[in-house]
Amino acid sequence: MKKNLFVQAAFAAAVLTLTACSSEPAKTSEVKTDTDAAKKTPAGPPEPVTGKTAFYEMYTPAHTWAADMLPLSLKSGEVTGVKNADGKAGLWTAVFGSLSLHQARTYTYAVAEQVPDIAKGIKAESPVAWSGPTTVAMTFQTSDFTVDSDAAYKTAAEKVGDWLKDPAHAASGVTMSLGAAQRFPAPVWYFLFGDTKSGFQIFINATTGNVITK
């Protein structure tokens, strides 16, 4: 399967640009404990969640920060004690940009705590300077984000079914990212199974759910 490292770098550009804009490490400015979700969920081991579930947990405080904010990216991560599987993850990171403020802000949502870096619930980093979207790291509308990570993962996994049958490959894990670039007609899910040298990279249209072949 043809790999496209350029577009992978494009999705990372939003986060990398934010890092480059700040001369000091981002400082945590607010922490919200996920108490409401805890009340609704029976006690038990923490479970991974889909990207859309985590996204809307972060969307509300991000909208409070800047009413005109738009999402730039969403990426899966890992937290100790929670196994990512089937398009779900224990940690998700989202970046939102505000044109009126000329700032961008990173939020994380975790289903469990990992001392000292990861707090359960929502954490917002301090805003950083942002000059606006680029052709390789664009904002997108939430109305175009209709396909959740678990559905997109199912489609992607079917495309690499034979490769995943190898236990070593299956154990290598998968990284999931959501972003937009000018070359795509809608935001896309990017799946990296394994690594860029020996794994597979697949793009799924986040509006239609179709595999992107070009």
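In helix H3, the buried residues (under 20% relative accessible area, with a 1.4 Å probe and protein chains only) are Gly51, Ala54, Phe55, Met58, Pro61, Ala62 and Trp65. The model is a predicted one, in which local features need pLDDT of at least 70, side-chain atom pairs count only at pLDDT 80 or more, and totals for chains, interfaces and linings use all residues. Residues are numbered from 1 along each chain as its sequence is written, and side-chain values use heavy atoms, leaving out hydrogens and water.

Helix H3 spans residues 51-65, and its 15 residues reach 21 Å from first to last C-alpha, close to the 21 Å expected at 1.5 Å a residue (1.5 Å times one less than the number of residues). At Tyr59, shortly before the proline Pro61, H3 has a kink of about 30 degrees, the angle between axes fitted to the seven residues ending there and the seven starting there.

Turning to helix H4 (residues 149-159), Ser149, Ala152, Tyr153, Ala156 and Ala157 are its buried residues. They fall within an arc of 135 degrees when seen down the axis, so they line one face of H4; the arc is taken from the directions from the helix axis to the C-beta atoms. Lys154 and Glu158, on the other side of H4, are exposed (over 50% relative accessible area).

Ala124 belongs to strand E7, residues 121-125, and is buried at a relative accessible area of 1%. Its C-alpha atom is separated by 10.0 Å from that of Trp65, 59 residues apart along the chain; Trp65 is also among the buried residues of H3.

Note on methods
Helices (H or I, at least four residues) and strands (E, at least two) are DSSP runs, numbered from the N terminus.
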